[in-house]
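Subject: Structure handover

Hello,

My notes on it follow below.

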Amino acid sequence: MWLLLLGAAAQGQVSPVAAVQLRALLALTEQYRIPGLQLAYTAPNGRTTTLSQGVQCQGEPAVVDDHTVFQAASLSKPVFAYAVLRLADRGLLDLDAPLARYGLPHKHPQNQLVAARITARMVLRHTSGLSHWAEYGDTKITRWNQGVLQLRYRPDSVWHYSGEGYAYLQRVVEHLTGKGLQQLAQEEVFTPLGMADSSFGWDARFAGRLCAGHDSTGAPTLRRRFHEPSAAFSLVTTAADYSRFVRALARGTGLTPATHQLLLTASGPATHCGPPGTAGAHLGWGLGVGLQQSSRGLALWHWGDNVDFKNFFLVFPDTGESVVFLTNGENGLRAAPPILSLFLGPDEYWALQWLLARP
């Protein structure tokens, strides 16, 4: 059974175009076996429409509405990056200082040597040289949690996506400020931007409205409740909340003009640690976000992938037009190209071409 709800922002004002979009979106989620989806679209005139569809968990009656919370997965990273940039704007953190400067105790002697070569800027733009996540046999465990950091590449030599780098920078920032990630995010992001349904960890107020994940067949996996906040993957949020963040990011709300410009400037290509292909030639990486140059101009973007939750956003800073969508299924990103075309119209969408070609 599939249910489609039109968000409060557009209730009672459904245009013929919107009605066509709703039917097309329903067909896409059925085609790709996506049990539940939230989407927020902001038009160039600033009007935001939210859409909610499907169920929180296949086989259970609870439907997805605008207040259902999803795992944001790696959409956590831009939120953390924004908080770090706000700290840097106030002089609490130097983006180009070795992270060893900030005195985080290291359990392993090698960590001090690694930290002396890595800066916050490198972590945010994924050039720290650290692995995405360390692997121990068949189980992925962060080396930071094991007490050892190991470089896969020479720092600042190549772009290599690293969740481990974000986990390490999180610990540095928590040590520097004396505040946990959730408190930092609440003060620097959630409260200023009015994100009432967002948290980096489990909160009892989410009971009854937290999605379960689903595999590629649409079968339920888990309802994870993250009790240890992670800057890399533990954010839970709604499309409406995350859309507020995306629009603020594109406008530079809460950042100095110089820092906002860093978000709009590529510091290096988003490659696979090798020669860029056709899509890669149109992509770069700013501080915490991907950058895409297309026929429609510059766009900021990022994806989220916790395996059984797949998410994406894209925003054009020049116009403010944006799409954010969250899904509770492994197939969520397969629907991304037609979803973007449906709401944003035709474009090359190099970010999706690159993302869907990743090994």
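Salt bridges come first. A search of the whole structure finds 13 of them, a salt bridge being a side-chain nitrogen of Lys or Arg within 4 Å of a carboxyl oxygen of Asp or Glu. Before the details, two points on the source. This is a predicted model, in which local features need pLDDT of at least 70, side-chain atom pairs count only at pLDDT 80 or more, and totals for chains, interfaces and linings use all residues. Residues are numbered from 1 along each chain as its sequence is written, and side-chain values use heavy atoms, with hydrogens and water left out.

**Salt bridges in detail**

Glu-321 pairs with Arg-296, and their closest N and O atoms are 2.5 Å apart. This pair links distant parts of the chain, 25 residues apart. Glu-321 sits in the loop between strand S11 (310–315) and strand S12 (322–327). Arg-296 sits in the loop between strand S9 (290–294) and strand S10 (297–305). Helices (H or I, at least four residues) and strands (E, at least two) are DSSP runs, numbered from the N terminus. Glu-321 is buried at 7% relative accessibility, while Arg-296 is partly exposed at 31%. The cut-offs are under 20% relative accessible area for buried, over 50% for exposed, and in between for partly exposed (1.4 Å probe, protein chains only).

Lys-310 forms a salt bridge with Asp-305, with 3.9 Å between the closest N and O atoms. Lys-310 counts as buried at 11%; Asp-305 is partly exposed at 34%.

Asp-94 and Arg-101 form another, with closest N and O atoms 4.0 Å apart. Here Asp-94 is partly exposed, at 34%, and Arg-101 is exposed, at 57%.

There is also a network: salt bridges link Arg-86, Arg-90 and Glu-188.

**Nonpolar cores**

A nonpolar core is a set of buried Ala, Val, Leu, Ile, Met, Phe, Trp, Tyr and Cys residues joined through side-chain atoms within 4.5 Å. The largest one has 67 residues. Those with the most contacts inside it are Leu-99, Leu-124, Leu-169, Val-189, Tyr-242, Phe-245 and Phe-313. Helix H2 (residues 76–89) supplies the largest share of this core, nine residues. A second, separate core has 37 residues, including Ala-270, Leu-283, Trp-303 and Val-323.

Residues up to four places away in sequence aside, Tyr-242 touches Leu-75, Pro-78, Val-79, Met-195, Leu-235, Thr-237, Phe-313 and Val-324. Contact means heavy atoms within 4.5 Å.

**Helix H8**

Tyr-242 is also one of the buried residues of H8. Ten of the 13 residues of this helix are buried, so H8 is largely enclosed by the rest of the structure. The buried set includes Phe-245, Val-246, Leu-249, Asp-241 and Arg-247. The geometry checks out: at 1.5 Å a residue, the 13 residues of H8 (239–251) should span 18 Å, and the end C-alpha atoms are 18 Å apart. The expected span is 1.5 Å times one less than the number of residues. Just after H8, Gly-252 takes a positive phi of about 80°.

**Cysteines**

How many disulfides are there? The count is zero, where a disulfide is a pair of cysteine sulfur atoms within 2.5 Å. For the sulfur of Cys-57, the closest cysteine sulfur is that of Cys-211, at 8.8 Å, which is too far for a bond. Cys-211 is in no disulfide either. Cys-57 is buried, with a relative accessible area of 6%, and Cys-211 is buried at 1%.

**Two loop residues**

Ser-162 lies in the loop between helix H5 (143–146) and helix H6 (163–177). Ser-162 is buried, at 1% relative accessibility. A polar atom of its side chain is 2.6 Å from the backbone oxygen of Ser-131 and one is 3.5 Å from the backbone oxygen of Leu-130. Beyond four places in sequence, Ser-162 is in contact with Lys-77, His-126, Ser-128, Leu-130, Ser-131 and His-132.

Arg-33 lies in the loop between helix H1 (16–31) and strand S2 (36–42). Not counting residues up to four places away in sequence, Arg-33 touches Ser-216, Thr-217, Gly-218 and Asn-331. Arg-33 and Ala-335 are 302 residues apart in sequence, yet their C-alpha atoms are 9.8 Å apart in space.

Best regards

Methods
Polar contact = N/O pair within 3.5 Å; in protein donor to acceptor, adjacent residues only side chain to side chain.
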